[in-house]
Amino acid sequence: MSSKVAVAVVGFLLLIPLAIAMIGGQSDRIENSSGLSKNVPAEYAEFVQAAGEICDGITPSLIAAQIDAESGWNPNAHSPAGAQGISQFMPGTWLQYGRDGNGDGRADVHEPADAIISQGHLMCANLAAVEDWIASGEVSGDPIDLALASYNAGPGAV
């Protein structure tokens with residue numbers, strides 16, 4: 001892993017616990033009707049909830065914290081590296097994992113419903129992969145941290 005990628009991954013991972021605390025990880029949070037923190041915009045709560053229920057281990061609060069860290073809830077966000085949309089998908093990753101989350105017949109990286117549901121599927125795939133790598137002894141560490149690093153910098157970085 002290059003030093004720039006390592007710094008980016010470490011920086012991102014340091015933001016996640018803070019974002020989780022702000023968005024849904026604390027027990028005294030003020031919740032909206034979906035049970036998520038009021039920091040989650042109401043128009044996205046349904047999709048965040050659904051994305052966080054796709055598999056065991058990936059929670060709505062984790063999905064929300066990622067979005068907060070990745071794009072600040074901006075569906076038109078673009079990174080200098082080329083990541084796009086509210087969930088900051090790279091074009092190649094979107095081609096593989098992009099899904100039609102709102103049922104309109106197309107998967108659009110700039111459509112929050114599509115991107116958030118796709119994010120949930122990608123995080124579940126990442127978590128399954130890192131759990132396999134941990135079981136085989138290829139890597140060690142916290143599975144969620146490694147899945148987040150894989151999301152942010154690609155599986156090769158893990």
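In which hand does H3 cross H5? The crossing of H3 past H5 is right-handed, a crossing being right-handed if the near helix is turned clockwise from the far one by less than a right angle and left-handed if anticlockwise. The structure is a predicted model, in which local features need pLDDT of at least 70 and side-chain atom pairs count only at pLDDT 80 or more, while totals for chains, interfaces and linings use all residues. Residues are numbered from 1 along each chain as its sequence is written, and side-chain values use heavy atoms, with hydrogens and water left out.

The chain contains six helices and zero strands, in the order α-α-α-α-α-α along the sequence. Helices (H or I, at least four residues) and strands (E, at least two) are DSSP runs, numbered from the N terminus. Of the 158 residues, 40% count as buried; buried means under 20% relative accessible area, exposed over 50%, and partly exposed in between, with a 1.4 Å probe and protein chains only. Contact is defined as heavy atoms within 4.5 Å. Among contacts between residues at least 6 apart in sequence, 50% join residues at least 24 apart.

The largest nonpolar core has 32 residues, and those with the most contacts inside it are Val48, Ile63, Trp73, Ile116 and Met123. Such a core is a set of buried Ala, Val, Leu, Ile, Met, Phe, Trp, Tyr and Cys residues joined through side-chain atoms within 4.5 Å. Two or more residues each come from helix H2 (42-51), helix H3 (60-70), helix H4 (91-97), H5 and helix H6 (143-153). The most, nine residues, are given by H5.

Helix packing was examined for two pairs involving H5. The axes of H3 and H5 lie 11 Å apart at an angle of about 115°, which makes H3 roughly perpendicular to H5. Axes are lines fitted to C-alpha atoms, for helices over the stretch in contact, and angles run from 0 to 180 degrees between N-to-C directions. Angles under 35 degrees count as roughly parallel, over 145 as roughly antiparallel, 65 to 115 as roughly perpendicular and the rest as oblique. On the H3 side, Leu62, Ile63, Gln66 and Ile67 meet Ile116, Gln119, Gly120 and Met123 of H5.

For H2 and H5, the axes come within 8 Å and cross at roughly 20°; the two helices are therefore roughly parallel to each other. This crossing of H2 and H5 is right-handed. Tyr44, Phe47, Val48, Ala50 and Ala51 of H2 make the contact with Pro112, Ala113, Ile116, Ile117 and Gly120 of H5. Tyr44, Ala45, Phe47, Val48 and Ala51 are buried in H2, and the buried residues of H2 pack against H3 and H5.

Gln119 lies in helix H5 (residues 112-136) and is buried, with a relative accessible area of 1%. Beyond its neighbours within four places in sequence, Gln119 contacts Ile63, Gln66, Ile67, Ser87, Phe89 and Tyr151. With the same exclusion, Ile63 contacts Val48, Ala51, Gly52, Ile58, Ile116, Gln119, Gly120 and Met123.

One disulfide, a pair of cysteine sulfur atoms within 2.5 Å, is found in the whole structure. The sulfur atoms of Cys55 and Cys124 are 2.1 Å apart in this disulfide. The pair links distant parts of the chain, with Cys55 in the loop between H2 and H3 and Cys124 in helix H5, 69 residues apart. The torsion about the S-S bond is about -95°, so the disulfide is left-handed. Cys55 counts as partly exposed at 22% relative accessibility, whereas Cys124, at 12%, counts as buried.
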